[in-house]
Amino acid sequence: MRERILAVDDEPANLYLLENLLTEYEVATARNGEEMWACIGDFNPSVILLDIMMPGKDGFEIAGELAAHETYREIPVLFLSARREPVDVTRGFDLGAYDYIKKPFDGDELLARVRSALKKSSERIKLSMEVIIDAATGLYNRRYLSDFLERETGKARRGLEVYALAMIDIDFFKTVNDTHGHQCGDFVLREFSGLIKKSLRSYDMPIRYGGEEFLIIFPSTSRLEAVRVIERITKRNTEHEYHFGKERIVFTFTCGVADMTDISHSDDIFDVLIEKADARLYLGKNAGRNTIVSDDDGRL
Ligand SMILES: [Mg+2]
């Protein structure tokens with residue numbers, strides 16, 4: 001996939017020039033801040049080239065807005081300006097710009113600076129992924145979960161978004177470790193996590209919650225739909241052959257499911273969902289394991 005660069009400049013001739021220079025990238029153009037904000041979400045740029053002198057909001061002001069934005073503040077901004085005074089350059093860097101390129105610019109130099117910014121952008125993405133991904137399984141970690149809860153709790157409370165939630169625990173995982181060793185246990189966790197991931201939709205969120213415990217958050221999903229997904233995981237897990245060296249490992253899991261119909265008037269929607277799903281998981285464990293429980297009577 002080609003990397004995406006968003007160029008903001010009020011002069012069509014400048015945008016034309018940039019488009020012709022940056023042919024190896026996917027380029028979107030905007031003639032002012034408004035147009036930039038209108039396309040930034042869908043276009044999802046890796047780097048922004050920003051003119052300073054524009055009618056309406058100038059580039060400094062727009063950079064300030066970007067810097068204050070939760071989602072976009074990390075995108076490297078390169079100012080591109082005919083304002084060559086040190087005071088302008090200084091102000092640009094003070095606003096958190098990655099670079100400041102004076103117009104008229106040399107094409108090769110601009111390309112080199114863009115490459116450098118893209119590198120910084122991809123390093124940032126890699127780092128931010130490392131922080132939220134559980135290295136052993138490739139699923140999201142608890143840190144991701146708490147960030148997500150912080151972001152989404154308000155929305156769910158206002159009824160803007162509905163969720164189903166599933167808590168999964170591998171049955172007799174300790175026996176796997178005790179019988180085949182911890183390396184085998186790690187293998188099972190990794191392999192099973194991959195199977196969970198493959199069974200989900202792109203917007204579902206699988207999280208490694210604890211040792212052999214997994215939490216899945218399903219946006220815009222009912223309990224019944226979530227149960228169908230878990231059933232798919234059960235089926236795949238039964239069919240999947242876990243081979244560790246010469247050993248074939250067979251295991252089951254138990255799952256508790258909850259959704260928004262379990263919430264009455266609580267402020268802590270996710271606390272309740274997690275609590276409910278967890279309690280149902282344990283109902284399933286007590287009922288003999290290898291099952292999915294989605295109500296408080298221990299039924300599917
Ligand atoms: Mg201008």
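Start by selecting helix H3 (59–68) and strand E4 (77–81): each supplies at least two residues of the lining of the second largest pocket. H3 gives the largest share, three residues. This is a predicted model, so treat every stop as part of a prediction.

Of the 14 residues that line the second largest pocket, Arg73, Ile75, Val77, Gly96 and Ala97 lie nearest its centre. Its volume is about 180 Å³. Colour the lining by class: you will get 10 nonpolar residues, one polar and three charged.

**Next stop: the largest pocket**

How much space lies in the largest pocket? About 980 Å³. Select Glu70, Thr71, Arg124, Ser128 and Ile132; among the 22 lining residues, these are the closest to the centre of the largest pocket. Then show helix H5 (107–132) and helix H6 (142–157), the elements that give two or more residues to this lining. H5 provides the largest share, six residues. Colour by class again: the lining of the largest pocket has nine nonpolar, four polar and nine charged residues.

**Next stop: the metal**

Select the magnesium ion. Which residues coordinate the magnesium ion? They are Asp10 and Asp51, each through OD, and Met53 through O, at 2.1 to 2.2 Å. Along the sequence, these donor residues follow the spacing D-x40-D-x1-M. Trace the chain between the two Asp residues: Asp10 sits in the loop between strand E1 (4–8) and helix H1 (12–21), while Asp51 is in strand E3 (residues 47–51). They are 41 residues apart, and the pair links distant parts of the chain.

Is Asp51 buried or exposed? Asp51 is buried, because its relative accessible area is 4%, and buried means under 20%. Asp10 has 24% relative accessibility, so it counts as partly exposed.

**Next stop: an enclosed strand**

Select strand E6, residues 163–170. Eight of its eight residues are buried, so the strand is largely enclosed by the rest of the structure.

Now bring in the partners of E6. Strand E8 (residues 213–219) runs antiparallel to E6, and seven bridges join them. Pick Ala166 to see one example: its bridge partner in E8 is Ile216. Strand E11 (residues 253–259) also runs antiparallel to E6 and is joined to it by seven bridges. For an example here, pick Asp169, whose bridge partner in E11 is Thr254.

**Last stop: a lysine beside the strands**

Which helix holds Lys285? Select helix H10 (residues 269–286) and find Lys285 there. With a relative accessibility of 9%, Lys285 counts as buried. What does Lys285 touch, not counting residues up to four places away in sequence? Its contacts are Asp169, Ile170, Asp171 and Thr254.

Notes: Residues are numbered from 1 along each chain as its sequence is written. This is a predicted model: local features need pLDDT of at least 70, side-chain atom pairs count only at pLDDT 80 or more; totals for chains, interfaces and linings use all residues. Side-chain values use heavy atoms; hydrogens and water are left out. Buried means under 20% relative accessible area, exposed over 50%, partly exposed in between (1.4 Å probe, protein chains only). Helices (H or I, at least four residues) and strands (E, at least two) are DSSP runs, numbered from the N terminus. Two strands pair if DSSP finds at least two bridges between them. On a 1 Å grid over the protein atoms alone, a cavity is a set of points where a 1.4 Å probe fits but cannot get out, and a pocket is an open set with protein on both sides within 12 Å along at least five of seven lines; lining residues have an atom within 4 Å of a point. Grid points are joined across faces, edges and corners, and a volume is the space filled by probe spheres set on the points. Ala, Val, Leu, Ile, Met, Phe, Trp, Tyr, Cys and Pro count as nonpolar, Asp, Glu, Lys and Arg as charged, and the others, Gly among them, as polar. Donors are N, O and S atoms within 2.8 Å of the metal (3.2 Å for Na, K and Ca); water is not among the atoms, so sites may look incomplete. Contact means heavy atoms within 4.5 Å.
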